[in-house]
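Have the coordinates open and try each task before reading on.

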There are 6 protein chains.
Amino acid sequence: MPKSIQTTAAKIKRLEVQGARNVAIAAIKAIESLAKETEAKNKKQLLKELSEAKDILFSSRETEPLMRNAVRWIINQVEKSDHKKVGELAEMVSSASQQFLKNLEDSQERIAEIGSRRIRTNSTIFAHCHSSTVTYLLKRAKQEGKSFAVICTETRPVFQGRKTAEEMLELGVKTTLIVDSAARFFMNKADFVLVGADAITSEGNVINKIGTSMTALVAHEARTPFYVVSELLKFDPVTMYGDYEKIEERSPSEIWENPPKDLIIRNPAFDVTRRDFIHGIICEEGIISPHSVIEVVHRKYPWVFE
Amino acid sequence: MPKSIQTTAAKIKRLEVQGARNVAIAAIKAIESLAKETEAKNKKQLLKELSEAKDILFSSRETEPLMRNAVRWIINQVEKSDHKKVGELAEMVSSASQQFLKNLEDSQERIAEIGSRRIRTNSTIFAHCHSSTVTYLLKRAKQEGKSFAVICTETRPVFQGRKTAEEMLELGVKTTLIVDSAARFFMNKADFVLVGADAITSEGNVINKIGTSMTALVAHEARTPFYVVSELLKFDPVTMYGDYEKIEERSPSEIWENPPKDLIIRNPAFDVTRRDFIHGIICEEGIISPHSVIEVVHRKYPWVFE
Amino acid sequence: MPKSIQTTAAKIKRLEVQGARNVAIAAIKAIESLAKETEAKNKKQLLKELSEAKDILFSSRETEPLMRNAVRWIINQVEKSDHKKVGELAEMVSSASQQFLKNLEDSQERIAEIGSRRIRTNSTIFAHCHSSTVTYLLKRAKQEGKSFAVICTETRPVFQGRKTAEEMLELGVKTTLIVDSAARFFMNKADFVLVGADAITSEGNVINKIGTSMTALVAHEARTPFYVVSELLKFDPVTMYGDYEKIEERSPSEIWENPPKDLIIRNPAFDVTRRDFIHGIICEEGIISPHSVIEVVHRKYPWVFE
Amino acid sequence: MPKSIQTTAAKIKRLEVQGARNVAIAAIKAIESLAKETEAKNKKQLLKELSEAKDILFSSRETEPLMRNAVRWIINQVEKSDHKKVGELAEMVSSASQQFLKNLEDSQERIAEIGSRRIRTNSTIFAHCHSSTVTYLLKRAKQEGKSFAVICTETRPVFQGRKTAEEMLELGVKTTLIVDSAARFFMNKADFVLVGADAITSEGNVINKIGTSMTALVAHEARTPFYVVSELLKFDPVTMYGDYEKIEERSPSEIWENPPKDLIIRNPAFDVTRRDFIHGIICEEGIISPHSVIEVVHRKYPWVFE
Amino acid sequence: MPKSIQTTAAKIKRLEVQGARNVAIAAIKAIESLAKETEAKNKKQLLKELSEAKDILFSSRETEPLMRNAVRWIINQVEKSDHKKVGELAEMVSSASQQFLKNLEDSQERIAEIGSRRIRTNSTIFAHCHSSTVTYLLKRAKQEGKSFAVICTETRPVFQGRKTAEEMLELGVKTTLIVDSAARFFMNKADFVLVGADAITSEGNVINKIGTSMTALVAHEARTPFYVVSELLKFDPVTMYGDYEKIEERSPSEIWENPPKDLIIRNPAFDVTRRDFIHGIICEEGIISPHSVIEVVHRKYPWVFE
Amino acid sequence: MPKSIQTTAAKIKRLEVQGARNVAIAAIKAIESLAKETEAKNKKQLLKELSEAKDILFSSRETEPLMRNAVRWIINQVEKSDHKKVGELAEMVSSASQQFLKNLEDSQERIAEIGSRRIRTNSTIFAHCHSSTVTYLLKRAKQEGKSFAVICTETRPVFQGRKTAEEMLELGVKTTLIVDSAARFFMNKADFVLVGADAITSEGNVINKIGTSMTALVAHEARTPFYVVSELLKFDPVTMYGDYEKIEERSPSEIWENPPKDLIIRNPAFDVTRRDFIHGIICEEGIISPHSVIEVVHRKYPWVFE
């Protein structure tokens with residue numbers, strides 16, 4: 001097993017690599033290295049190495065369907081291949097990796113193209129946390145000459161909303177920052193909500209940064225449309241087969257550095273937003289109802305279910 | 001006009017005095033000083049002085065019905081009095097002030113007595129922000145030997161939830177602190193919610209710290225009962241007659257000390273919780289429906305409407 | 001029995017007199033005439049005449065609580081009176097009538113004063129049908145220098161919304177007219193809804209022009225506050241004691257002048273709006289919750305229940 | 001202490017006396033006996049005896065506000081009395097008892113009179129469990145010549161719905177019986193729901209036979225109006241002051257006579273219906289909103305709060 | 001470019017051709033003429049002509065997915081064809097056109113067959129506006145011997161509901177006409193609602209005549225099932241890719257012929273009904289959930305997405 | 001026609017065979033016998049016999065999609081077959097039957113595997129009625145070593161909940177039994193609800209034992225997730241094409257053995273649970289949204305629609 005797998009897994013575990021896209025890219029590159037350096041004698045040995053790599057990478061973080069789907073895809077390509085020679089198969093790993101990365105980029109581009117059509121001049125968009133897919137979409141809308149405004153929550157405990165605000169200000173977008181709990185106070189001023197996703201479950205629910213489900217509830221109560229912006233490959237097939245999406249709990253010190261003795265601090269990183277609160281998922285296949293996400297994935301990426 | 005009025009109003013304006021009860025107490029004491037030092041020659045002059053004092057005190061903060069009702073009460077007592085001599089009237093100011101303070105204390109005691117009956121051993125109470133009336137009630141429940149747990153939001157931007165947490169820990173209560181946006185994640189673990197009030201409107205709605213209305217929405221969605229703990233004199237009669245309750249907006253630096261240029265930071269101090277989200281108001285008259293609050297005030301404190 | 005009673009009742013029946021206020025005023029004046037012309041010999045005979053007059057007037061229209069309460073009030077004053085002489089009692093009828101009319105005017109003024117405080121510059125008000133109490137309120141707000149906009153439904157079948165639109169245009173208010181069924185399309189643009197009332201029931205529900213309950217539902221769905229503007233004496237005590245509020249059905253020709261044979265045309269004049277859809281009733285006692293309306297009437301006009 | 005108190009309390013405890021009205025009547029009669037047989041020497045001693053009787057009677061059943069209010073009323077009359085002689089006071093107990101019983105009867109009559117107006121020919125009424133106040137009302141409507149239908153749930157575990165069905169059939173009413181869980185299937189066929197009450201709380205909620213809250217939920221979902229038929233003196237003042245209404249749990253054998261070993265059977269006798277599900281309480285004061293019940297009781301029976 | 005394209009586009013623009021089906025049929029026929037008269041020398045030239053025709057036809061009306069899908073289908077057939085000769089290709093245009101028209105007719109027949117099964121003897125159907133697909137379905141049910149009733153809204157501003165009423169009366173159906181705003185008053189009397197569609201969006205929402213979304217809301221509140229009757233080819237693929245469905249605004253004079261000066265009249269022709277209010281779409285594939293409409297179209301008409 | 005068909009149909013009609021799975025198995029076996037004993041001379045004759053058998057079996061019970069889909073499948077296999085000889089075709093019936101039974105078993109196993117992952121140690125599951133698919137799933141979870149609790153309704157009128165309770169006690173599961181109408185009282189104590197299905201309709205609704213829809217409503221109100229556990233082949237294609245799912249009504253004596261004369265007893269066996277109340281269907285394809293069930297069946301069992 002080449003070191004790259006271990007190193008990458010460790011980096012992911014220590015949060016040196018962050019964001020679903022970046023984690024997937026890092027894992028793909030580690031697999032590519034493995035394929036380049038492999039000393040496997042035959043397909044079987046190579047598949048065994050890949051399988052071990054998969055186990056190591058999967059155990060680095062609990063909820064990372066995009067990365068997991070990437071690894072699944074690459075191994076699936078090798079398994080199905082008629083090639084026999086290790087060299088050819090290793091090359092296949094490379095090309096499958098490139099193909100996956102290409103698909104990721106294309107998806108992001110396509111999502112930005114589709115989503116930006118929804119933004120009209122003078123729209124106000126409400127955003128929670130930071131999502132590179134969301135800000136890429138907004139950048140595109142700005143490049144198309146639309147003038148709009150953004151309201152960001154600060155997103156406690158680690159203030160990712162400030163990052164969103166900074167990126168918007170750089171684009172020249174009129175940006176307002178509020179505390180998370182003021183979402184209800186300001187929701188009426190927004191035309192719609194855009195958030196990213198860490199995972200999509202088989203029931204059509206979405207896992208995303210803590211507070212997303214509260215934002216969705218507030219939007220629902222205010223009758224403000226709520227959209228999730230996400231690649232379809234955030235779909236997590238294990239939820240299909242009964243597993244719960246795991247909710248990572250992070251360090252209390254993110255919330256209070258020197259808390260009083262005996263205080264229990266709970267710091268879940270994500271929460272679950274039910275499909276009933278989601279108007280649509282803006283993905284590479286268009287704007288779809290969350291209720292139909294399984295069948296869309298079945299049609300577009302059938303290998304996810306293999 | 002004695003200096004005490006000006007000084008007190010200034011302190012209230014600069015937030016050196018905080019919390020509806022403390023502001024009311026400070027204003028009452030300033031009025032008492034005025035009565036002691038007055039050089040008014042007759043009732044008319046005294047009433048003029050009191051009226052000026054009222055104007056100064058009222059303009060120190062936008063939403064302070066408890067303080068305003070205190071001042072109204074004292075002046076009302078003087079107006080209705082048959083006394084003619086300034087000395088006697090001044091004494092009446094003193095006694096009315098004492099009576100009001102006594103009523104405030106009795107109310108707090110009564111509220112604690114009533115509300116603590118709602119707490120059962122092993123109950124979990126969800127609290128947002130800090131309210132001395134709420135923590136007094138919880139203290140009483142603890143003194144009665146009940147063992148319960150509290151979940152506090154940190155309450156951005158100025159973390160009053162930490163104060164609630166500290167007071168609970170001092171009492172030996174099992175206390176959990178969460179970020180505000182995790183309210184929905186943890187609401188199912190609570191048996192009910194307790195919050196304070198800054199003002200109660202004629203429609204039965206409640207003005208309280210920003211995030212209260214979001215907490216109420218989350219509690220409603222989770223079917224967790226939501227109670228407001230408040231003296232009836234937080235009722236604001238101006239809302240009866242059509243005025244909106246004003247929402248104070250505070251300094252952006254409370255949210256981000258060195259924000260990027262051009263960023264708009266909005267920092268409203270309060271929000272409005274609609275009566276439909278409130279199971280009951282725990283007040284000195286018992287646990288009442290918010291829909292009937294006007295008639296209860298009419299019965300108990302008819303002078304509020306004069 | 002003087003002719004005036006019969007004549008007035010007939011005019012009311014033929015809809016020559018319209019609008020709850022106008023109907024009440026006409027009935028009061030007829031009663032006053034009766035008292036002036038009476039040839040009754042004693043109190044008993046006078047009361048008998050009044051009682052007959054009451055029966056005739058009550059049967060002229062099914063749902064007219066304001067008129068009925070007016071008649072009740074006048075007779076009640078005579079009944080309770082210690083006077084014995086018919087002349088004195090007749091004078092009492094006159095003075096009670098004047099007092100009632102005065103109270104009506106004062107109430108309208110008070111309601112306008114209270115309600116206009118709710119209108120801010122740049123507010124948009126949504127109105128259904130025509131109510132003189134509502135337009136009086138809006139006139140007052142305009143006179144106070146506020147600049148606001150109004151959206152009116154046309155209010156089929158007899159287009160009373162056009163009357164509201166015309167009165168608003170005369171005031172110089174920016175006015176938009178829409179078909180009734182576009183209420184949902186435009187509700188998001190309104191800050192709140194104002195409608196009048198024909199009757200208020202003991203459960204806190206409101207009877208008003210057909211379409212009011214649909215407007216309330218649409219406002220509720222859009223989270224736009226919905227207020228009823230009405231004198232408290234629209235409260236109908238018979239609903240208290242179990243009677244249903246009657247819903248008058250009017251001529252089909254109002255809807256289609258030459259309909260095809262066999263077509264059934266249904267034309268109810270009113271519908272019922274449930275208290276849960278009403279944020280507040282703006283009345284002479286302030287802005288109150290519809291749930292507490294019985295107790296407010298008990299306090300203010302106890303004779304209604306006698 | 002005369003035996004009658006102990007005997008009556010024991011009968012109530014063993015459920016030999018059932019139904020809120022019957023329990024209240026039995027307790028009143030026991031108190032009357034006590035007054036007749038008392039050997040107290042003075043008012044103080046008599047009050048002590050009454051207080052002991054009260055304790056014994058109150059402890060016989062957890063949730064019996066009508067009986068408790070009856071006892072409170074009688075003792076209250078004695079306390080307030082200016083009489084000094086025991087004989088006179090004992091007579092006062094008698095007359096107060098008679099007065100209370102008279103009021104109970106009058107209330108039932110008044111409720112029947114009011115409620116029967118709501119029943120139209122061809123109405124269908126949905127009833128859960130058995131309430132003598134409800135069946136008295138329906139009897140009155142039938143006597144007035146109205147022809148209506150009733151749908152009854154069987155009301156497990158002890159089938160009180162069969163009793164309602166039998167009484168209706170005796171009246172000649174078209175009666176349908178269904179299992180409790182078919183309520184949703186049949187609710188659309190009903191014009192409204194009528195249920196009784198065991199207790200009314202300060203928040204305006206109603207305690208009644210298990211399944212009532214489910215019936216209310218089903219009615220709410222089907223948009224079928226839901227009315228509670230009850231004397232106002234079912235209002236329980238202890239809930240005002242923070243106490244929870246107790247929910248009695250009854251014998252498992254009512255549900256399954258020979259259950260398998262280790263099976264836990266839970267058999268709560270009552271549940272709580274929230275005010276939001278109740279269109280109105282049909283009481284001796286008319287049809288009122290549950291939100292205003294405290295103030296109505298304050299006006300009508302102020303001694304309840306003493 | 002043959003004149004027929006221009007003429008047809010002009011007629012559509014001037015509303016001389018109305019109704020989604022009629023517009024589609026007109027466009028298809030214009031394309032057929034073009035193919036017959038073309039002087040194109042090769043496939044490339046023919047495709048260029050067709051593309052120009054498409055642009056002209058598409059710009060004639062903003063929201064006409066059925067017509068647009070028809071044109072897309074015909075061009076798609078030519079593009080995919082292996083034929084080289086213009087004559088053969090022109091014939092292909094003809095046969096594709098015939099095929100599309102045949103499919104339209106078959107769909108209407110199939111929808112009528114499926115939908116009429118839902119109608120039981122004694123059903124009451126609530127209809128808004130006029131839809132030929134809906135009335136065809138009802139005609140079929142009548143032909144099958146079912147006896148049912150219809151409630152129609154008049155459908156302001158141009159009274160299309162009268163057309164529905166007339167067609168129903170001709171069939172011998174018991175028909176009731178009401179003003180649009182009485183929908184809530186009468187909804188409880190209906191077993192279900194049937195409306196047509198102008199367009200179906202990728203989120204599963206439906207665009208139809210103004211007032212449809214209000215009717216859906218009223219039906220939802222009354223728990224009356226709401227069905228959309230529509231060919232699947234009303235699905236608009238541009239909404240998939242982010243575009244909003246355009247809402248045409250029509251002449252103010254439809255609402256008020258001689259309005260007062262300065263009055264703003266707003267007259268949107270359509271509104272959007274959210275999928276959550278729709279029980280099912282009755283289409284040629286059966287009765288389907290609106291949430292799954294994209295995948296059904298993907299399966300049945302994959303060329304729509306090309 | 002062999003007797004086995006008639007006999008089986010009769011047994012099904014008399015409820016000697018019960019439960020969707022058992023009924024399907026019995027019908028399959030009867031068809032197998034028919035194929036073994038057939039004296040048909042050619043494919044056409046065999047198909048005619050099969051078609052007659054189908055008619056007899058289908059008419060034995062109104063709502064049995066699983067059985068009907070089984071029969072459809074077998075006949076479909078024969079129809080599509082290229083075999084000509086009756087012997088070969090009869091064998092095909094046998095193998096198709098075996099295949100169907102195998103699929104049923106596999107599905108049950110797969111559902112148990114998927115569903116049991118949802119059960120965590122200390123979970124509490126709420127169950128209504130008895131479903132062998134549900135209890136098989138719970139058995140599996142227990143075998144996997146999970147310790148959980150179950151709350152069962154007794155399920156009037158025939159107490160199938162007692163069967164569920166007994167099976168759970170045998171597994172050593174902590175089991176609580178309640179009356180059906182106490183569902184709301186206990187729902188808050190459950191983590192989720194599991195019920196079976198008799199049929200799934202094209203709109204995504206579920207037909208199951210009377211009371212299921214009430215349980216779903218109660219779960220929805222309490223925010224407790226509600227899952228249906230069912231093989232996909234419970235999907236009923238006739239609902240797709242407009243037919244209503246029939247609701248069987250059973251004997252009144254199940255509810256009351258000796259009811260009073262004139263009492264109408266209504267005893268529907270099933271009710272309909274709308275898709276909006278169902279979090280997911282746990283089926284052999286995974287946990288899916290009920291909204292997408294048609295497309296999942298189209299993908300997995302396309303022959304159902306033939």
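**Exercise 1.** Find how many residue pairs are in polar contact between chain B and chain A.

*Solution.* This is a predicted model, so pairs are taken only where both residues reach pLDDT 80 or more. Under that condition, chain B and chain A share twelve residue pairs in polar contact. Next, look at where chain B's side comes from: the elements giving two or more residues to it are α7 (160–171), β3 (174–178), α8 (183–187), α9 (212–221), β8 (264–265) and β9 (270–273) of chain B. Then sort that side by class, which gives 24 nonpolar, five polar and 13 charged residues.

**Exercise 2.** Count the salt bridges across the interface of chain B and chain A, and describe one of them.

*Solution.* Start from the cut-off: a Lys or Arg side-chain nitrogen within 4 Å of an Asp or Glu carboxyl oxygen. Applied across the interface of chain B and chain A, the rule finds two salt bridges. One links the side chains of B:Glu154 and A:Arg156, at 2.5 Å from N to O.

**Exercise 3.** Which strand of chain A is joined by bridges to β8(B)?

*Solution.* Strand β3 (residues 174–178) of chain A is joined to β8(B) by two bridges, and the strands run parallel. For a residue-level check, take A:Thr176: its bridge partner in β8(B) is B:Ile264.

**Exercise 4.** Work out how much area chain B and chain A bury between them.

*Solution.* The total is about 3,700 Å², with 71% of it on carbon and sulfur atoms. On chain B, the trio B:Ser181, B:Arg184 and B:Trp256 supplies 16% of the area that chain B buries against chain A, more than any other three residues. To finish, count the residues in contact: 42 from chain B and 42 from chain A.

Technical notes
Residues numbered from 1 in each chain as written. Chains lettered and ligands numbered in written order. Predicted model: local features only at pLDDT ≥ 70, side-chain atom pairs only at ≥ 80, totals over all residues. Heavy atoms only, no water. Contact = heavy atoms within 4.5 Å. Buried area = accessible area lost by both parts, 1.4 Å probe. Polar contact = N/O pair within 3.5 Å; in protein donor to acceptor, adjacent residues only side chain to side chain. Helix = DSSP H or I, 4+ residues; strand = E, 2+ residues; numbered from the N terminus. Nonpolar A, V, L, I, M, F, W, Y, C, P; charged D, E, K, R; others polar. Pairing = 2+ DSSP bridges.
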